[in-house]
Amino acid sequence: MIIDSQVHAYEANTPKRPWASVPNWPAHVTGDEMIAAMDKVGVDGAIFISAFSLYRFDGSYAQEVQRAHGNRLAIVKPLDADDPAVEEVVAEWKKVPGAVGIRIMLTKNCGWVPGQHAGLDRIARAAVRHDFPLNLHCWDNLDNGIALIDRHPDTRFILDHLGIQQPHVPPAPAELAQWNPWAALPKVLDLARRKNVVIKVSGACTLSKEPYPYPDIWEPLARVFEAWGIDRCLWGTDWTRAAAVLNYEQGVEPFRTTTRLSEAERAMLMGGACAKAYRWQPKR
């Protein structure tokens with residue numbers, strides 16, 4: 001089975017469920033539309049990450065979509081480390097049908113520093129207590145992400161987006177020569193020594209400096225696969241966050257058709273590792 005480790009779906013921006021910000025995403029990609037995009041390219045299931053950019057810590061739309069498509073989508077929601085009741089939030093999320101994980105947005109501007117913010121520790125401990133993997137988005141703040149992982153060796157972490165900051169729009173032609181999308185790769189490879197973390201190979205196609213099918217991603221990805229082991233690598237598109245850079249099919253096909261992967265490696269990268277990390281798989 002092919003399982004996408006990260007997708008976002010959302011309604012149009014309306015007073016009923018207003019967006020917290022307005023990113024450069026399509027006007028709407030509803031749950032039904034996400035399933036249609038998956039069907040078009042043969043993706044069996046996906047981990048639906050409630051979109052922080054739009055809904056912050058509210059996972060209600062993800063729950064609504066999961067009720068309609070529970071055989072195809074499992075759900076993850078971001079958590080607020082400033083919430084004194086965050087442990088109770090995790091306990092309640094555990095009861096939600098289809099909930100398979102929780103997430104911390106530990107980006108540079110969040111103001112949360114491991115060792116200085118008790119809420120981060122409460123979330124990490126609650127993840128262990130409720131047997132959730134903790135998704136960690138820290139692509140511009142990797143040192144603090146590593147610090148949190150090291151503070152909680154018993155927590156199962158899933159590092160989002162290779163731990164590498166990815167573009168929201170295609171780099172301008174004049175910028176391409178100076179752009180080094182893989183600058184953080186040495187730290188990412190070193191992080192593989194921590195056995196309590198797996199890595200999402202999500203949004204990787206957006207790191208290419210070449211047109212579709214993005215041939216230049218394979219050399220750095222080979223180093224990731226070697227360091228982490230293919231069974232700890234979870235392919236994903238990060239669509240619709242990546243929608244201004246590529247369409248859904250363009251995020252899928254390079255991995256499904258490349259000759260750089262054996263069939264066994266492809267099966268693990270594009271489904272097996274995700275099913276293992278989230279302890280979930282779709283039913284078709």
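Q: Is C274 buried or exposed?
A: C274 has a relative accessible area of 1% and is therefore buried, where buried means under 20%, exposed over 50% and partly exposed in between, with a 1.4 Å probe and protein chains only. This is a predicted model, in which local features need pLDDT of at least 70 and side-chain atom pairs count only at pLDDT 80 or more, while totals for chains, interfaces and linings use all residues. Residues are numbered from 1 along each chain as its sequence is written, and side-chain values use heavy atoms, with hydrogens and water left out.

Q: How many disulfides does the structure hold?
A: There are zero disulfides, a disulfide being a pair of cysteine sulfur atoms within 2.5 Å. For C274, the nearest cysteine sulfur is that of C233, 12 Å away, and for C110 it is that of C138, 9.8 Å away.

Q: Changing topic, where is A99 and what is it in contact with?
A: A99 lies in strand 4 (residues 99–105), strands being DSSP runs of E with at least two residues and numbered from the N terminus. Leaving aside neighbours within four places in sequence, A99 is in contact (heavy atoms within 4.5 Å) with I75, W93 and F132. A99 counts as buried because its relative accessibility is 14%.

Q: And which residues of helix 1 and helix 10 meet?
A: From helix 1, M34, A37, M38 and V41 meet Y248, E249, V252, E253 and R256 of helix 10, helices being DSSP runs of H or I with at least four residues.
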